Amino acid sequence: MSSEDIVAVLKQMPSSILFKRIDSGELHCSKGFEKTFGITKLNGLDESAITFFDSHSKQKTAANELPFNLAATEGALSRQYRVQTQCRAMNCRVESGVITTSVGQWLVLYLTPDGNDFIDDNRENSAAGKHIAFNQLLSNFSSKLINANVNELDSIIGQALAAFGEFSNVDRCYLFEFSEDIELMSNTHEWVAAGVTPFIDELQNMPTSSLPFFISHISNGIFKVDDVSSLPDCAAAEKAVFEEERIFSLLCVRIMVNDTIYGFIGCDIIGSPYSWSTFDIQYLRRIGEMLGNTLQSLHNRKILQKMQVELLEANKQLEQLANIDGLTGIANRRLFDTTLKRDIQRCQEQGLSLSLLLIDVDFFKQYNDDYGHVAGDRVLIKIAQTLSNSCLGNDDLVARYGGEEFAIILPGTNNSEAKAIASRILRNITLLNIPHEASAYDKTLTVSIGLISQTNDDLQSLYDLSGDHSAGWLVSQADEALYRAKDEGRNCSRT
């Protein structure tokens with residue numbers, strides 16, 4: 001038997017094989033290989049016509065790791081590769097053998113594509129095995145996606161696309177999202193097989209109006225193209241994009257979230273046409289439904305979280321409204337009462353003094369009678385601002401106690417420090433130079449201040465004696481001091 005006879009026999013093999021004489025660089029393939037990889041001619045080409053990649057690292061296989069080289073030096077070979085021709089690339093199990101004939105030895109590589117539907121295999125057990133494998137894949141990622149939070153989602157979607165792409169032996173698998181008005185679409189996640197150029201960076205904010213044929217189909221649920229060259233003239237824009245990316249066949253299904261189209265998931269075949277099977281469509285749809293359900297769940301969770309944040313903010317605003325005086329913007333009587341009780345206990349526990357000032361606007365009723373209530377309100381606002389600016393402590397609280405009366409809680413402040421603050425307030429109010437004809441002090445508005453200070457020992461004794469009534473006792477003492485200030489001529493402070 002001649003070399004030509006051996007080549008002729010091996011070429012007729014239905015299995016996917018590559019073969020060559022050990023002492024020759026000329027490479028041959030079987031009809032099974034041609035069918036699997038969608039090509040018709042490989043005779044007379046050398047090994048450079050076929051590229052081998054590591055299917056996991058996606059790195060090109062080094063020369064000393066190429067299947068023919070390993071088979072020639074190490075004998076039997078059984079390894080996983082990503083095998084790429086000018087037409088197709090597929091994940092394959094590559095096994096080697098040596099045939100000895102009268103005209104020399106022949107190296108033979110047997111290529112078995114990873115269990116997929118891209119080669120015709122109607123055996124019932126093969127289809128059943130693939131269904132089982134797919135359901136296991138789907139179950140694995142469903143459980144991950146069910147419990148996924150927003151921060152984990154991108155990583156899990158990327159893993160799901162990679163797993164599906166490798167399972168289906170396609171060249172590219174991706175997710176696109178539409179803008180809310182469906183006017184733009186962006187490639188948000190992409191997986192590519194070894195040797196395939198990624199395009200995710202170039203596919204951002206693409207106007208959907210530029211691909212009308214595609215959009216009209218994907219809006220109805222599916223876009224399936226077995227052979228890009230067969231697209232009609234009305235799909236010229238789409239055809240140009242696909243050919244630029246060397247896409248020969250593609251399959252996309254839409255993703256729905258809350259009954260609205262969210263985007264689509266798709267996969268591509270590069271280098272040769274492919275007839276998508278019913279199973280291919282079914283599998284991709286189920287992946288799309290899984291992602292849609294997850295995105296909808298996250299969308300609902302986001303809405304719930306947003307409502308919770310809004311509710312907390314509303315409660316915070318309500319609480320603020322309940323504690324803030326509507327006219328002056330400082331604390332109201334309610335917050336004053338709560339804070340004073342808290343500060344008495346805190347100062348007692350931390351070994352601090354505490355002082356309390358009660359401030360009353362002198363002859364305020366006459367001011368309202370002479371200038372009107374609107375002017376009176378403006379005066380109260382100015383006084384509130386001045387009181388706040390006159391206190392320097394971070395824990396000090398300035399409150400409107402009622403009507404024209406104000407109160408200031410000064411935790412950690414002793415008697416001499418409180419007197420200095422009271423003097424500062426009297427001076428700053430006078431500097432406002434608010435006209436008041438009924439005032440005995442240069443016809444300008446003034447205030448009177450009552451002051452009570454307690455050392456830490458005094459606070460502890462007071463708390464031991466009065467407990468929760470300590471705050472009421474302090475207020476009454478400050479109020480008595482305020483009356484003394486009024487009785488002694490106003491525009492002054494008294495203890």
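Accessible areas come from the Shrake-Rupley method with a 1.4 Å probe, and for residues only the protein chains shown count as cover. The structure is a predicted model, in which local features need pLDDT of at least 70 and side-chain atom pairs count only at pLDDT 80 or more, while totals for chains, interfaces and linings use all residues. Residues are numbered from 1 along each chain as its sequence is written, and side-chain values use heavy atoms, with hydrogens and water left out.

**Figure 1. The whole chain.** The accessible surface of the chain comes to about 24700 Å², and 50% of this belongs to carbon and sulfur atoms. The C-alpha trace spans about 135 × 55 × 40 Å along its principal axes. The radius of gyration, taken over C-alpha atoms, is 42 Å, whereas a compact globule of 495 residues would have one near 23 Å (the globule rule is 2.2 Å times the number of residues to the power 0.38). Of the 495 residues, 45% count as buried; buried means under 20% relative accessible area, exposed over 50%, and partly exposed in between, with a 1.4 Å probe and protein chains only. A contact means heavy atoms within 4.5 Å. Among contacts between residues at least 6 apart in sequence, 61% join residues at least 24 apart. The secondary structure comes to 14 helices and 17 strands, which are DSSP runs numbered from the N terminus (helices: H or I, at least four residues; strands: E, at least two).

**Figure 2. Strand E13 and its partners.** Strand E13 covers residues 354-361. Eight of its eight residues are buried, so E13 is largely enclosed by the rest of the structure. Leu354, Leu356, Leu358 and Asp360 point one way from E13, and Ser355, Leu357, Ile359 and Val361 point the other way. In a regular strand the side chains alternate between the two faces of the sheet. Two strands pair if DSSP finds at least two bridges between them. E13 pairs with strand E15 (residues 405-411) in the antiparallel sense over seven bridges, with Ser355 opposite Leu410 of E15. E13 also pairs with strand E16 (residues 447-454), again antiparallel, over eight bridges. Here Leu354 has Gln454 of E16 as its bridge partner.

**Figure 3. The salt bridge between Asp362 and Arg490.** A salt bridge is a side-chain nitrogen of Lys or Arg within 4 Å of a carboxyl oxygen of Asp or Glu. In the bridge between Asp362 and Arg490, the closest N and O atoms are 3.7 Å apart. This pair links distant parts of the chain, 128 residues apart: Asp362 lies in the loop between strand E13 and helix H10 (364-371), and Arg490 in the loop between helix H14 (470-487) and strand E17 (493-494). Asp362 counts as buried at 1% relative accessibility, while Arg490 is partly exposed at 24%.

Figure 4. Arg342 is partly exposed, with a relative accessible area of 49%, but Asp343 is buried, with 0%.

**Figure 5. The salt bridge between Asp226 and Lys224.** The closest N and O atoms of Asp226 and Lys224 are 3.5 Å apart. Asp226 is partly exposed at 25% relative accessibility, and Lys224 is partly exposed at 38%. A search of the whole structure finds 16 salt bridges.
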